[in-house]
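Let's walk through a protein model together, one region at a time. Keep the picture at hand and look for each part as it comes up.

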Amino acid sequence: MHILVAVFLIISTMGDKTYVSDKINKEGEMKILVTFYSRTGNTKKVAETIAGTLKCDIEEIVDMKSRKGAWGWIVSGKDATQKNLTTIGAITKSPDSYDLIIIGTPIWGGKMTPAVRTYLSQNKEKIKSIAFFCTMGGSNAGNAFKDMEDFVGKQPLRTLEISTKEVVQGAYIQKVKDFTAGVLKK
Ligand SMILES: Cc1cc2nc3c(=O)[nH]c(=O)nc-3n(C[C@H](O)[C@H](O)[C@H](O)COP(=O)(O)O)c2cc1C
């Protein structure tokens, strides 16, 4: 009788992906960190939505180089396309304490930002598993994600691209839900 009840309980939870996802997060079986750089707030908004959905830790990467104004914009574009590193503020959450790092960047000149490149260069050995997201004015982050994948040397579990238009219109919420569900399914 007890065996029958146990078999029923196992079978009844097998197909329930939502239950499994909730369980992974609530019981802390999978530790996730959302980390991101944002110059004007779009990527921050998406990062906070992802972390809020997953109820996980979040850390902002701070670029110590001033990127304000028109000159800052020009220098930033140049730094990104030339794949330059920068100086970033000290991080408070070590990636090796997490099973998965979800890292977000704005797209600059078709590339990841120098702050994210620097974070990855300093921490890639400590990353067990990774997923990428970005915000951008245009609509194709393929090259940037490929560059990030090559740079880290790990294939992302999932990727998520959000346009600035989608951020403004709030259309990113559903995309974030699909992305986080996909990440937890892996
Ligand atoms: C220096 C610079 C270069 C950019 N280059 C691109 C680009 O190549 N392609 C694109 O789609 N958007 C580009 N953008 C737009 C940003 O990716 C977009 O506004 C993003 O949402 C900004 O994110 P943030 O608000 O988190 O800083 C660029 C923005 C800046 C400041």
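Helices (H or I, at least four residues) and strands (E, at least two) are runs assigned by DSSP, and they are numbered from the N terminus. With that in mind, please note that this model is predicted.

## The overall plan

How many helices and strands does the protein have? The secondary structure comes to 8 helices and 5 strands. Starting at the N terminus, the order of the elements is α-α-β-α-β-α-β-α-β-α-β-α-α.

The protein has 186 residues, and 34% of them are buried. If you take the contacts between residues at least 6 apart in sequence, 79% join residues at least 24 apart.

Begin with β1 (32–36) and β2 (57–60). These two strands pair in the parallel sense over 4 bridges, and L33 stands opposite D57 in β2. Together with α3, β1 and β2 make a right-handed β-α-β unit.

Next, find β3 (100–106) and β4 (130–136). They run parallel and are joined by 6 bridges, with G104 opposite F133 in β4. To get from β3 to β4 the chain passes through α5, and this β-α-β crossover is right-handed.

On to β5 (159–163). β4 and β5 also pair in the parallel sense, this time over 5 bridges. The bridge partner of C134 in β5 is E161. Here the chain crosses from β4 through α6 to β5, again in a right-handed β-α-β crossover.

## A closer look at β4

Is β4 enclosed or open? Because 7 of the 7 residues of β4 are buried, this strand is largely enclosed by the rest of the structure.

## The nonpolar core

Which residues have the most contacts inside the largest nonpolar core? That core has 42 residues, and the ones with the most contacts inside it are I50, I102, V116, F132 and F133. Several elements each supply at least two residues of this core, including β1, α3, β3, α5 (114–123), β4, α6 (142–152), β5 and α8 (172–185). The largest share, 6 residues, comes from β4.

Leaving out residues up to four places away in sequence, F133 touches V46, I50, I102, G104, T159, L160 and F179. V116 lies in helix α5. It counts as buried because 29 other C-beta atoms lie within 10 Å, and the cut-off for being buried is 20 or more. With neighbours within four places in sequence left aside, V116 is in contact with Y37, I61, I103 and T105.

## Around the ligand

What surrounds the ligand? A shell of 20 residues does, and the closest are N42, T43, P106, M136 and G138. Three elements each supply at least two residues of the shell: α3 (42–54), α4 (69–81) and β4.

How do the shell residues divide by type? There are 5 nonpolar, 13 polar and 2 charged residues.

Most residues other than glycine have a negative phi. Now look at K55, which is not a glycine but has a positive phi of about 50°. K55 is in the loop between α3 and β2. Is K55 buried or exposed? It counts as exposed, because it has 11 C-beta neighbours inside 10 Å, and the cut-off for exposed is 12 or fewer.

K83 is another residue other than glycine with a positive phi, near 55°. You will find K83 in the loop between α4 and β3. With 13 C-beta neighbours inside 10 Å, K83 counts as partly exposed.

How values were computed:
Residues are numbered from 1 along each chain as its sequence is written. This is a predicted model: local features need pLDDT of at least 70, side-chain atom pairs count only at pLDDT 80 or more; totals for chains, interfaces and linings use all residues. A residue is near a molecule or strand if its C-beta atom, placed from the backbone, lies within 6 Å of it. Ala, Val, Leu, Ile, Met, Phe, Trp, Tyr, Cys and Pro count as nonpolar, Asp, Glu, Lys and Arg as charged, and the others, Gly among them, as polar. A nonpolar core is a set of buried Ala, Val, Leu, Ile, Met, Phe, Trp, Tyr and Cys residues joined through C-beta atoms within 7 Å. Two residues are in contact if their C-beta atoms, placed from the backbone, lie within 7 Å. Two strands pair if DSSP finds at least two bridges between them. A crossover is right-handed if, with the strands pointing away from the viewer, the path from the first strand over the helix to the second runs clockwise.
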